[in-house]
Amino acid sequence: MQSNIYNMSGDQTESGAADMCCASCGIAELDDIKLKKCDDCDLVRYCSDACQQEHRPQHELRCKERAAELRDEILFKQPESSHLGDCPICFLPLPLDLKNSMMSCCGKWICDGCACANKLREREARLRHKCLFCRSILPTTLEQAEIKYMKRVAANDPVAMTHIGKKHYQKGDYEGAFEYYTKAAELGDVIAHYSLSVMYQGGPGVEEDLEKEVYHLEEAAIAGHPDARYNLASYEWDNGRYDRAVKHFIIAANLGYDKAIQGLKECYKRGLVSKDDFAAALRAHQSAVDATKSPQREEAAKNNA
């Protein structure tokens, strides 16, 4: 029994020490001494900020390596759904082709199938048009809709902020767009993160910044934005990191993103992805696309054609 303890691997003993003692001064965690983890990794703990600063030169390289590993664990985890999520009315995944309507009153995305079915019901019953989610009377003009969006902005709704940011961008007010996008991204809006990545790529009004571009792409991709995921794949491909590009393509394909399948075809031709993995991605892609279909959405597509 004793020999097994002494023969433990270095990783195990290091992990145990990190859990129990300050990595700098070696003091053990007691009732009156609480240790805190390193801000960037999970390898070591410290009893004070002073100890953390003193130990930084020894720990910095391994800390960066471990922080990158932890980031990749999050980055390459398959999202449960796209950033759009499900329609709050029919509870089916919202399609990626943007055949959805955003409600100015509550900021919810409603699929075209539910929106068209509701309009038909209201028309036949001669009812006033109301939001399917919050039941507010819908605006009849763009001006009324913008007033509602601004009320949502005042309530710190990041979805509304992104919408107003897009309006500013379309008008050529890039500084205003950047301001709205930045605040919305801070509040967790995925589309705002993606929009900022586009601006940092060298868009008008913002100085090109590759590091910030990649950061916002990663934040959007982690939350299920397929365009962001595809752009990351392209970025890794251009830099010769084909294994990372393949992972991004597969994740995007699993979300039902068509362009990712084209990217995987090229990877398959070059022998960068196996036949089994390519076939699995094709099946997952088709399954994701099929999950967004419904009779109501097909009828709405015919009416809007």
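User: Against which helices do the buried residues of α13 pack?

Analyst: In this predicted model, the buried residues of α13 pack against α11 (242–254) and α12 (258–269).

User: Which residues of α13 are buried, and how should I read their spacing?

Analyst: An α-helix has 3.6 residues a turn, so residues three or four places apart point the same way. In α13 the buried residues are Phe278, Ala281, His285 and Ala288. Seen down the helix axis, the buried residues of α13 fall within an arc of 90°, so they line one face of the helix. On the other side of α13, the residues Lys275, Asp276 and Arg283 are exposed.

User: What span should the 17 residues of α13 have, and how far apart are its end C-alpha atoms?

Analyst: At 1.5 Å a residue, α13 should span 24 Å, and because its end C-alpha atoms are 24 Å apart, the expectation and the model agree.

User: Which helices each supply at least two residues of the lining of the second largest pocket?

Analyst: Those helices are α4 (112–125), α13 (275–291) and α14 (295–304), and the largest share of the lining, five residues, comes from α14. The second largest pocket holds about 660 Å³ of space, and of the 32 residues that line it, Leu94, Pro95, Leu96, Val289 and Thr292 are the closest to its centre.

User: How many residues of that lining are nonpolar, polar and charged?

Analyst: The lining of the second largest pocket divides into 13 nonpolar, 10 polar and nine charged residues.

Conventions
Residues numbered from 1 in each chain as written. Predicted model: local features only at pLDDT ≥ 70, side-chain atom pairs only at ≥ 80, totals over all residues. Heavy atoms only, no water. 1 Å grid on protein atoms, 1.4 Å probe; cavity = no way out; pocket = protein on both sides within 12 Å on 5 of 7 lines; lining within 4 Å. Points joined across faces, edges and corners; volume = space filled by probe spheres on them. Helix = DSSP H or I, 4+ residues; strand = E, 2+ residues; numbered from the N terminus. Nonpolar A, V, L, I, M, F, W, Y, C, P; charged D, E, K, R; others polar. Expected span 1.5 Å × (residues − 1). Buried < 20%, exposed > 50% of the residue type's maximum accessible area, 1.4 Å probe, protein only. Arc of directions from axis to C-beta. Contact = heavy atoms within 4.5 Å.
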